[in-house]
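Have the model open as you read.

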Amino acid sequence: MTPAQPPAPEPTGPLSLADVEATARAAHAGQTDKAGRPYAEHLLAVAEGVRRRGGDDEQIAAAWLHDSVEDDALSERWLREAALSPRTKDIVLALTKRAGEPPEAYAARILATPGALLVKEADLAHNADPARLAVLDAATRARLTGKYARMRALLGLGG
């Protein structure tokens with residue numbers, strides 16, 4: 001499936017957080033999470049989690065876009081050409097899992113990218129939210145709980 005492409009960003013200046021949010025919501029429109037909830041709810045929760053953890057606007061923008069390339073909601077080309085800071089783009093790319101990539105390599109890339117760890121921490125916190133996991137079947141809940149705990153350990157985030 002070819003990702004839907006929003007109009008090219010205006011070259012007049014960087015995208016505002018409102019523009020980034022609108023772009024992310026449009027790109028993920030119709031997509032749901034594992035519990036069947038609108039995917040934009042996850043993006044909002046991660047962006048708010050970054051804000052609560054003291055993240056800056058570049059990290060909040062990356063939070064809105066953190067799954068966009070991985071989920072084929074936006075293309076890597078769109079990201080490269082978007083009126084976003086290099087740091088925001090680097091964080092989004094650091095958080096984009098690659099096919100067949102070992103978790104250790106993924107974690108190392110996050111740790112090596114300034115600003116990415118805070119965004120991933122907010123992502124993992126929302127993914128592992130007990131209320132969110134409670135609606136999943138027991139096997140999926142157990143698998144995801146283990147996956148998220150392992151990634152937290154690889155990132156040095158503790159329990």
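## α2 against α3

In this predicted model, α2 passes α3 in a right-handed crossing. Their axes come within 8 Å and cross at roughly 160°. Angles over 145 degrees count as roughly antiparallel, so α2 and α3 are roughly antiparallel to each other.

Who does the touching? On the α2 side look for Ala40, Leu43, Leu44, Val46, Ala47, Val50 and Arg51, and on the α3 side for Gln59, Ile60, Ala63 and Trp64. Sorted by class, the residues of this α2 and α3 contact come out as 9 nonpolar, 1 polar and 1 charged.

## α1 against α3

Helix α3 (residues 57–65) also packs with helix α1 (residues 17–27), at an angle of about 10° and with the axes 9 Å apart. That angle makes α1 roughly parallel to α3.

From α1, the residues involved are Leu17, Val20, Glu21, Ala24 and Arg25, and they meet Asp57, Ile60, Ala61, Trp64 and Leu65 in α3. The tally for the contact of α1 with α3 is 7 nonpolar and 3 charged residues, with no polar ones. Ile60 and Trp64 of α3 turn up here, and they are also part of the contact with α2.

## α7 against α9

Next, go to helix α7 (residues 116–127) and helix α9 (residues 138–154), whose axes come within 10 Å and cross at roughly 155°. That crossing angle makes α7 roughly antiparallel to α9. Here α7 passes α9 in a left-handed crossing.

Lys120, Glu121, Leu124 and Asn127 of α7 make this contact with Tyr148, Met151 and Arg152 of α9. By class, the contact of α7 with α9 holds 3 nonpolar, 1 polar and 3 charged residues.

## The largest pocket

How much space lies in the largest pocket? About 590 Å³. It is lined by 28 residues, and the closest to its centre are Lys34, Lys97, Asn127, Lys147 and Tyr148.

Which helices each supply at least two residues of the lining? They are α2 (39–52), α6 (103–112), α7, α8 (130–133) and α9. The largest share, 5 residues, comes from α9.

Key:
Residues numbered from 1 in each chain as written. Predicted model: local features only at pLDDT ≥ 70, side-chain atom pairs only at ≥ 80, totals over all residues. Heavy atoms only, no water. Axes fitted to C-alpha atoms, helices over the stretch in contact; angles between N-to-C directions. Helix = DSSP H or I, 4+ residues; strand = E, 2+ residues; numbered from the N terminus. Parallel < 35°, antiparallel > 145°, perpendicular 65-115°, else oblique. Left-handed = near helix turned anticlockwise from the far one by under 90°. Contact = heavy atoms within 4.5 Å. Nonpolar A, V, L, I, M, F, W, Y, C, P; charged D, E, K, R; others polar. 1 Å grid on protein atoms, 1.4 Å probe; cavity = no way out; pocket = protein on both sides within 12 Å on 5 of 7 lines; lining within 4 Å. Points joined across faces, edges and corners; volume = space filled by probe spheres on them.
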